[in-house]
Amino acid sequence: MLTLIHPTAVIHPRAELHSTVEVGAYAVIGERVKIGPQTKIGAHAIIDGLTEIGARNQIFPGAAIGLEPQDLKYEGSLTRVDIGDDNLIREYVTINRATQPGESTTIGNHNLLMAYVHVGHNCSIADRVIIANAVALAGHVKIESQARLSGVLGVHQFVHIGRLSMVGGLSRIDRDVPPYMLIEGNPSRVRSLNKIGLQRAGLTPEDLDLLKKTFRILYRSGYTLNQALAELDLLPENHHLQHLRKFVQESVTKPRRGLIPGKK
């Protein structure tokens, strides 16, 4: 184990590190941290708090994980960060722990967080999400699987971002991003179906045709939202359509922030 840990690293004796964990120079790992097999911790990274990290993650130099939330409501509780397996967490990413007792900031599996990404308290990131450089997620943001966020954008607190959506760079995301859509701008708008992303994800031509019809009903028909949802009920059964419809319905109920609109 000693051959995998740089002699300048500072590791609390009660931290739990699998024998295959690698730790770089001047990294600091706190008392309540638990790290799974074959995870690599880069130089000068800091991991603290009640933080559990799974297997085969790569945490690059300067990352700061599990530090106190940037939330004035925080009163010193021992809250959590939970990170799954096979994630790439690049240079100077910050992942804050949750605010209230029993709460957690969570990151799933096979995600890529590029340099300078900030993940605020109580965020939840599912699987195979890609977040490009210098994206800032405020507290309580939820991102579903396979979403793509381009660089240098901000996401408002409590926003939900749907699966297989694509958000363009420099956008302002202050409301929910519907699944399968391409969003861009300041103020941001739903521009089109995320066709290339859906094709790369392996959706069938039948799935794509149905989602194209769904997009036209929601954003090109002139229907009210209730009218559009009624029209969606007439389309063939499909699990992608069911997921989108449920997301839209939940987004317009309190305390959610509502949907990013389509372009006029």
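**Exercises on strand pairing and helix packing**

In strand β25, R172 is the bridge partner of G154. The model examined here is predicted.

**Exercise 1.** Determine which strands lie at the edges of the open sheet of nine strands.

*Solution.* Begin with the strand order, which is β1-β4-β7-β10-β13-β16-β19-β22-β25, with parallel pairing. The strands that pair on one side only are β1 (10–11) and β25 (172–173), and these are the edge strands. For β25, the pairing with β22 (residues 154–155) is parallel and comprises two bridges.

**Exercise 2.** Identify the pairing of strand β11 and state which of its side chains are buried.

*Solution.* First, β8 (residues 50–53) runs parallel to β11 and is joined to it by four bridges; within this pairing, E52 has D82 as its bridge partner. Next, β14 (residues 104–107) also pairs with β11 in the parallel sense, over four bridges, and R80 stands opposite S104.

**Exercise 3.** Characterise the packing of helices α3 and α4.

*Solution.* The axes of α3 (residues 225–232) and α4 (residues 239–251) are 11 Å apart, and the helices pack at an angle of about 160 degrees. Angles over 145 degrees count as roughly antiparallel; α3 and α4 are therefore roughly antiparallel to each other. Their crossing is left-handed. At the contact, L225, L229, A230 and L232 of α3 meet L241, R245, V248 and Q249 of α4. Classified by type, the contact residues comprise six nonpolar, one polar and one charged.

Methods:
Residues are numbered from 1 along each chain as its sequence is written. This is a predicted model: local features need pLDDT of at least 70, side-chain atom pairs count only at pLDDT 80 or more; totals for chains, interfaces and linings use all residues. Side-chain values use heavy atoms; hydrogens and water are left out. Two strands pair if DSSP finds at least two bridges between them. Axes are lines fitted to C-alpha atoms, for helices over the stretch in contact, and angles run from 0 to 180 degrees between N-to-C directions. Angles under 35 degrees count as roughly parallel, over 145 as roughly antiparallel, 65 to 115 as roughly perpendicular and the rest as oblique. A crossing is left-handed if the near helix is turned anticlockwise from the far one by less than a right angle, and right-handed if clockwise. Contact means heavy atoms within 4.5 Å. Ala, Val, Leu, Ile, Met, Phe, Trp, Tyr, Cys and Pro count as nonpolar, Asp, Glu, Lys and Arg as charged, and the others, Gly among them, as polar. Buried means under 20% relative accessible area, exposed over 50%, partly exposed in between (1.4 Å probe, protein chains only).
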